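The following exercises are intended for a reader who is new to this structure. Each task is followed by a solution in steps.

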Amino acid sequence: MSAVKLIASFVATGRLYGVGVGSTLEELQQRIKFDFVDVVDEDGDSMRRDYGFIEFYLNSGQDWTVSGGSIEMHRLVAHEELIEQWCAAMGEEFPKFLGWDELRTEISRLPEAPTFRLIDQGDFLEYRAPMAKVSVLVNNDHEERGDWLGHGDVWSISLG
């Protein structure tokens, strides 16, 4: 599966590599085989598992369970080595830049494409898929893409 198709599926379903809200830490570990850093809050109630540009948020209880997550696309521009490392480990080569138009086209090809609610946040536009509880944050400044993200590029995709 291409990374753009994977991202489109995440936006539509709220699941990335089969991991979504309610998934356990064990399921997360089985699905994503990549180096990570765990950051646990001082009370031990929540944890962020950071894979460099993908993060999952977990809450404690009987088991650690996923409460949200994100794909931080903007991190790939400055850290291109993450693209190569992720591709070697997981098989998907994420794009350095991803335009909203390209992602939206891929989402529209899905059998159950979500509808979006648009929220203007000034320098960003948030496209919220309420049923999947996913938001796509798109750069809304008027700069052209160059060494950094430009107008219409996806900044991040968030679950929760």
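**Exercise 1.** Is R48 buried, partly exposed or exposed, and what is its relative accessible area?

*Solution.* The model is a predicted one. The relative accessible area of R48 is 26%. Buried means under 20% and exposed means over 50%, so R48 is partly exposed.

**Exercise 2.** Determine which salt bridges link R48, D50, E55 and R75, and describe the residues involved.

*Solution.*
Step 1. In general, side chains of opposite charge can pair when their charged atoms come close.
Step 2. D50 and R48 meet through their side chains in a salt bridge, at 2.8 Å from N to O. With a relative accessible area of 16%, D50 is buried.
Step 3. A salt bridge also joins the side chains of R75 and E55, at 3.1 Å from N to O. Because R75 belongs to helix α3 (residues 74-78) and E55 to strand β3, this pair ties together parts that are 20 residues apart in sequence. R75 is partly exposed at 24% relative accessibility, whereas E55 is buried at 5%.
Step 4. R48, D50, E55 and R75 are linked in a network of salt bridges. The structure holds 8 salt bridges.

**Exercise 3.** Classify the ring pair of F53 and W86 and state which parts of the chain the pair ties together.

*Solution.*
Step 1. The search of the whole structure gives 12 aromatic pairs. In the pair of F53 and W86, the ring centres are 5.2 Å apart and the planes stand at 75 degrees. Planes over 60 degrees apart count as edge-to-face, so this pair is edge-to-face.
Step 2. F53 is in the loop between β2 (46-50) and β3 (54-59), while W86 is in helix α4 (residues 80-90), so the pair ties together parts 33 residues apart in sequence.
Step 3. Both F53 and W86 are buried. W86 also forms an edge-to-face pair with F94, with centres 6.4 Å apart and planes at 85 degrees.
Step 4. One aromatic cluster is formed by Y17, F34, F36, Y51, F53, W86 and F94. Over the face of F36 lies R49, at 3.6 Å from the ring centre.

**Exercise 4.** Which residues of helix α5 are buried, and what do they pack against?

*Solution.*
Step 1. In α5 (residues 100-108), the buried residues are W100, L103, E106 and I107. They cover an arc of only 130 degrees around the axis, so they lie on the same side of α5.
Step 2. Exposed residues D101 and S108 are on the face of α5 turned away from its buried side.
Step 3. The buried residues of α5 pack against α1 (3-13), β6 (124-129), β7 (134-139) and β8 (154-159).

Note on methods: Residues are numbered from 1 along each chain as its sequence is written. This is a predicted model: local features need pLDDT of at least 70, side-chain atom pairs count only at pLDDT 80 or more; totals for chains, interfaces and linings use all residues. Side-chain values use heavy atoms; hydrogens and water are left out. Buried means under 20% relative accessible area, exposed over 50%, partly exposed in between (1.4 Å probe, protein chains only). Helices (H or I, at least four residues) and strands (E, at least two) are DSSP runs, numbered from the N terminus. The arc is that of the directions from the helix axis to the C-beta atoms. Contact means heavy atoms within 4.5 Å. Rings of Phe, Tyr and Trp (its six-membered ring) pair if their centres lie within 6.5 Å; planes under 30 degrees apart count as stacked, over 60 as edge-to-face and the rest as tilted. A charge sits over a ring if NZ of Lys or CZ of Arg is within 6 Å of the ring centre and within 35 degrees of the ring normal. A salt bridge is a side-chain nitrogen of Lys or Arg within 4 Å of a carboxyl oxygen of Asp or Glu.
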